Amino acid sequence: MKLNLSCWGCMQEAAPEAAGEKAVNVRPIGNSCFYDLTCPYGHQSYVLIQNAKFEILFQSGLQALNAGYYREAISSIAAALERFYEYSIMYCLCEKLFPGNAVAPEEAVLDKVNAFWAPISKHSERQFGAFNALYYDRFDESPIQFDGKFLKKHGLKLKKEPIDPIAFRNLVVHQGYIATREQAIAYAEAVNKYIHTLARRYWDRNQQWLYNMTTVDARLTAKQMGYSYQNGNIMGVDKITVATAINTFIRVTDENYILGEPSVMQLIK
Ligand SMILES: [Zn+2]
């Protein structure tokens with residue numbers, strides 16, 4: 001998946017009609033939310049992509065689907081679901097991240113979050129356990145599960161037995177099953193429906209937290225880089241930081257997505 005990153009310097013200097021093309025730098029998607037950008041005209045900046053990781057992974061899956069790579073699509077979308085569990089864990093911790101009316105966590109809180117995350121960071125089963133426990137604590141009930149019952153309730157079919165979506169994912173990712181286009185679309189729709197259902201609850205409970213969370217990854221990442229991210233900039237670095245978001249199908253801070261009935265069929269070519 002490629003990103004079109006705009007250069008802040010070019011946008012400032014170029015005549016408005018020329019700015020568009022000159023300012024766009026194409027970069028492959030990376031693991032960090034920060035992109036260290038030096039444009040062909042020598043402008044230096046950090047571009048901060050504020051989308052949640054699961055939004056980007058899901059988008060990458062949709063692009064693979066449209067390009068005819070169905071196994072790859074399912075693999076990216078399954079990864080998006082796992083990162084959504086991580087996002088949900090952080091959402092459930094929002095009272096600690098944003099006490100009172102704070103819109104950003106204190107450095108000391110970020111240290112605690114990092115310490116909490118470290119022992120579970122490489123273990124998806126542990127993360128899934130943390131998600132279930134923290135969700136129960138926050139909402140006073142267990143989260144709906146991404147299983148055959150969920151699919152049935154929403155009239156979704158994977159067009160392959162077993163209907164259980166976890167078993168289906170394992171079949172594709174671990175056993176080399178070559179999924180069909182219809183199966184990939186059905187899987188994408190099921191994950192979208194699941195994420196949408198929970199994200200809607202998060203929005204209804206505390207919409208502001210969803211906006212606040214768009215900078216948490218930046219703060220944690222800056223810390224890992226040895227800096228701190230404050231007031232929209234990486235402190236101590238002689239480069240401007242430009243925050244932006246890419247246009248993804250799933251966008252939990254977009255009320256068109258959250259309040260609508262989004263279907264991946266809108267994007268399938
Ligand atoms: Zn430039």
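**View A. The largest pocket holds about 770 Å³ of space.** A pocket is an open set of points, on a 1 Å grid over the protein atoms alone, with protein on both sides within 12 Å along at least five of seven lines; lining residues have an atom within 4 Å of a point. Grid points are joined across faces, edges and corners, and the volume is the space filled by probe spheres set on the points. The model is predicted, so local features need pLDDT of at least 70 and side-chain atom pairs count only at pLDDT 80 or more, whereas totals for chains, interfaces and linings use all residues. Residues are numbered from 1 along each chain as its sequence is written, and side-chain values use heavy atoms, with hydrogens and water left out. The lining of the largest pocket consists of 31 residues, and K53, E86, D217, L220 and T221 are those nearest its centre. At least two lining residues come from each of β4 (44-49), α3 (53-67), α4 (70-92), α6 (107-117) and α12 (216-224). Helix α12 gives the largest share, five residues. Helices (H or I, at least four residues) and strands (E, at least two) are DSSP runs, numbered from the N terminus.

**View B. T221 is a residue of helix α12.** T221 is buried, because its relative accessibility is 11%; buried means under 20% relative accessible area, exposed over 50%, and partly exposed in between (1.4 Å probe, protein chains only). Leaving aside residues up to four places away in sequence, T221 is in contact with S32, C33 and F34. Contact means heavy atoms within 4.5 Å.

**View C. The whole structure has one cavity of 30 Å³ or more.** A cavity is a set of grid points where a 1.4 Å probe fits but cannot get out. The space in the largest cavity is about 90 Å³. Its lining is made up of I29, G30, N31, S32, C33, Y35, I49, N51, A52, K53, I56 and D217. Among these, S32 and C33 also touch T221, while K53 and D217 are among the residues nearest the centre of the largest pocket.

**View D. Four residues coordinate the zinc ion: C7 (SG), C10 (SG), C39 (SG) and H43 (ND1), at 2.2 to 2.3 Å.** Donors are N, O and S atoms within 2.8 Å of the metal (3.2 Å for Na, K and Ca); water is not among the atoms, so sites may look incomplete. The angles among the four donor atoms are 104 to 115°, and the site is tetrahedral, a term that for four donors requires all angles to lie between 85 and 135 degrees. Along the sequence the donor residues follow the spacing C-x2-C-x28-C-x3-H. C39 is buried at 4% relative accessibility, and H43 is buried at 17%.

**View E. R138 lies in helix α7 (residues 124-139).** With a relative accessible area of 16%, R138 is buried. A polar atom of the R138 side chain is 3.2 Å from the backbone oxygen of C92. Not counting residues up to four places away in sequence, R138 touches Y91, C92, E95, R205 and W209.

**View F. R201 belongs to helix α10 (residues 181-205).** R201 is partly exposed, because its relative accessible area is 29%. Its side chain makes a polar contact with the side chain of Y135 (3.0 Å). A polar contact is a pair of N or O atoms within 3.5 Å; within protein, one must be able to donate a hydrogen and the other to accept it, and residues adjacent in sequence count only if both atoms are side-chain atoms. With residues up to four places away in sequence not counted, R201 touches Y135, F139 and E141. R201 and I258 are 57 residues apart along the chain, and their C-alpha atoms are separated by 9.4 Å.

Methods. Tetrahedral: all angles 85-135°; square planar, octahedral: opposite > 155°, others 65-115°.
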